[in-house]
Amino acid sequence: MDQRHDRIKLTALQEQVATAEQAASWIKDGMAIGFSGFTQAGDAKAVPNALAKRGEKESLKIDVYTGASLGSGTDGRFAQAGIVQKRAPYQSDSLMRAAINSGEVQFVDHHLSQTAEWVRGGVAGPLDFAIIEALGITEEGLLIPTTSVGNSAVFALHAKELIIEINTAQPAEMEGIHDCFEPGALGKRQPIPLVSPRDRIGTKGIPIDVSKVKGIVWTHQADSPSPIEPPDKETEVMAGHLLNFLRGEVEAGRLDQNLAPLQSGVGSVANAVLHGLLYSEFEGLELYSEVLQDAVFDLLDSGKALFASASAITLSKPYMERIYQDFGRYRDRLVLRPQEISNHPEIIRRLGLISINTALEFDLYGNVNSTHVAGTRMMNGIGGSGDFGRNAQLAIFVTKSTAKDGRISCVVPFASHIDHTEHDVDVLVTEYGFADIRNLAPRERAERIIANCVHPDYRAQLQGYFDRAIAQGGHTPHVLDEALSWHARYTRTGTMLKNST
Ligand code: COA
């Protein structure tokens with residue numbers, strides 16, 4: 001059997017092969033496109049590359065919807081070519097970030113569980129094309145995704161036409177790890193029948209309408225490795241604080257040694273903190289997350305974690321080489337789902353998740369900013385942190401206490417942008433300790449946060465602010481003229497520290 005027949009088992013599609021350049025030429029100015037890809041995994045590669053090349057030579061503007069961030073430098077190349085009018089729901093590329101912050105690209109920063117509802121309901125789009133990476137297509141017309149499922153299923157269902165990229169560099173042993181479930185229209189759906197991270201409730205691939213397939217492109221290109229940093233001294237200390245908090249929950253009888261299903265967000269800090277569980281007494285762990293980073297595979301290898309469910313696998317280069325060389329050994333312990341299922345509020349609440357995400361900053365009262373530097377400049381996007389934070393049993397946010405060599409305090413009087421309100425946040429962790437702010441009134445929360453989380457260089461400064469705020473009164477006391485003064489000082493002088501010269 002030649003490769004074409006091996007990967008495209010549905011005879012009707014075997015002659016649909018196109019080049020990336022041909023496929024890119026079908027995209028017209030003003031179109032809205034849904035691309036596969038979630039945290040740089042499972043993204044279509046060849047057609048976006050050809051599209052960026054086209055955009056360098058001719059005037060073209062498209063709206064780009066994805067699962068989450070794209071790999072292969074695609075967001076950066078799109079931004080450089082100037083072909084993006086609207087971008088949603090998440091990105092993490094420095095060039096795209098610059099285009100968003102200059103106002104050139106209109107970025108819709110959206111909860112990752114909800115984009116599918118907008119596509120289904122006709123709020124986003126209509127999508128002219130879905131461009132989706134796949135391992136292959138089965139005889140029954142199921143498109144088998146690769147390292148992510150993301151929004152591919154809803155894009156394939158609702159786009160007018162489909163371009164499929166079959167990527168032979170992705171591990172073929174992945175076939176069978178996906179579970180694609182379509183919840184149906186709002187108001188008409190049944191409960192989602194998932195009661196354990198291990199449950200499979202859908203099909204092993206994405207059902208497609210064969211008549212919509214405009215072309216199939218062959219690619220052979222690995223995902224981009226994730227740029228996460230390995231754990232360091234500070235993140236090890238933070239992991240220790242988190243473990244101490246969890247131990248307290250076990251002692252109080254609210255959790256047992258297996259904890260509850262864990263979710264861990266993107267980035268170096270969340271990965272490092274999860275890594276800390278490797279050296280803990282907790283065992284029999286399960287993950288119900290949206291992305292599986294390096295630490296999850298260490299937990300699976302050690303036997304500490306028994307099962308992991310997510311929407312994507314995103315690994316650093318050394319982990320990618322190791323894990324994908326012998327992927328078969330993880331097959332029975334993993335499942336990848338659409339992001340609207342991995343991040344679904346109904347399931348997150350039912351499973352009682354312990355959710356660990358990273359903050360850029362948080363304030364005296366527990367409001368968390370995950371997205372906007374100094375309240376104005378977009379970093380990456382809210383991603384799934386809102387889906388999980390709002391609905392988890394325990395919404396834990398972690399951050400180092402300072403950034404930029406101590407010139408920025410990540411604990412501030414007033415968060416300069418609020419993604420997770422004080423009502424959605426349970427526990428805050430820095431390298432100085434943890435603040436469990438559940439069941440505390442605002443003034444109690446402030447005292448605990450100042451005592452447990454703030455860097456010593458900023459502690460007196462924050463206490464001073466709080467004292468002046470209390471003198472003015474209120475349920476959530478603030479000195480309005482001063483509330484954002486730390487950010488303003490940083491912009492003016494390059495440090496949030498008072499009298500630092
Ligand atoms: N003000 C300004 N910059 C700050 C900052 C602050 N308060 N706190 C951190 N930073 C900077 C760091 O200095 C670093 O900058 P650099 O890239 O120039 O070195 C950058 O932000 C990343 O910080 P880092 O400490 O390395 O954390 P990270 O890699 O874990 O990323 C987030 C942190 C918040 C950017 C990242 O987790 C994110 O985008 N989160 C939102 C989405 C999300 O949580 N999804 C979860 C569901 S998967």
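This is a short walk through selected features of the model above.

Two notes before the tour. The model is predicted: local features need pLDDT of at least 70, side-chain atom pairs count only at pLDDT 80 or more, and totals for chains, interfaces and linings use all residues. Residues are numbered from 1 along each chain as its sequence is written, and side-chain values use heavy atoms, with hydrogens and water left out.

A word on labels. Helices (H or I, at least four residues) and strands (E, at least two) are DSSP runs, numbered from the N terminus.

Let's start with a helix pair. Two packed helices are described by the angle between their axes and the distance between the axes. Here, helix H9 spans residues 268-275 and helix H10 spans residues 294-302. They pack at an angle of about 15°, with axes 8 Å apart. Those axes are lines fitted to C-alpha atoms, for helices over the stretch in contact, and angles run from 0 to 180 degrees between N-to-C directions. H9 and H10 are therefore roughly parallel to each other. The angle classes go like this: under 35 degrees is roughly parallel, over 145 roughly antiparallel, 65 to 115 roughly perpendicular, and the rest oblique.

Which residues in H9 meet H10? Asn271, Leu274 and His275 do. On the H10 side we have Asp294, Ala295, Val296, Asp298 and Leu299. Contact means heavy atoms within 4.5 Å. The residues of this contact divide into four nonpolar, two polar and two charged. For those classes, Ala, Val, Leu, Ile, Met, Phe, Trp, Tyr, Cys and Pro count as nonpolar, Asp, Glu, Lys and Arg as charged, and the others, Gly among them, as polar.

Next, strand E22, residues 394-398. Is it buried or exposed? Five of its five residues are buried. The cut-offs: buried is under 20% relative accessible area, exposed is over 50%, and partly exposed is in between, with a 1.4 Å probe and protein chains only. Look at both faces of E22. Leu394, Ile396 and Val398 sit on one side, Ala395 and Phe397 on the other, and all are buried.

E22 also has partners. Two strands pair if DSSP finds at least two bridges between them. Strand E17, residues 354-358, runs parallel to E22, and five bridges join them. Asparagine 357 has phenylalanine 397 in E22 as its bridge partner. Strand E26, residues 427-430, pairs with E22 in the parallel sense over three bridges. There, valine 398 stands opposite valine 429.

Now a separate sheet. It is open, with three strands in the order E19-E18-E25 and mixed pairing. The edge strands are E19 (368-369) and E25 (411-412), and each pairs on one side only. E18, residues 361-363, pairs with E25 in the parallel sense over two bridges. Phenylalanine 362 stands opposite valine 411 in E25.

Last, the backbone. Most residues other than glycine have a negative phi, and most peptide bonds are trans. Where are the cis bonds? One joins alanine 88 and proline 89, with omega about -5°. Proline 89 lies in the loop between E3 (84-88) and H5 (94-101). Another joins glycine 125 and proline 126, with omega about 5°.

Then, positive phi. Glutamine 40 has phi near 65°, in the loop between E1 (32-35) and H3 (46-57). At 16% relative accessibility, glutamine 40 counts as buried. Lysine 404 has a positive phi of about 50°. At 52% relative accessibility, lysine 404 counts as exposed.
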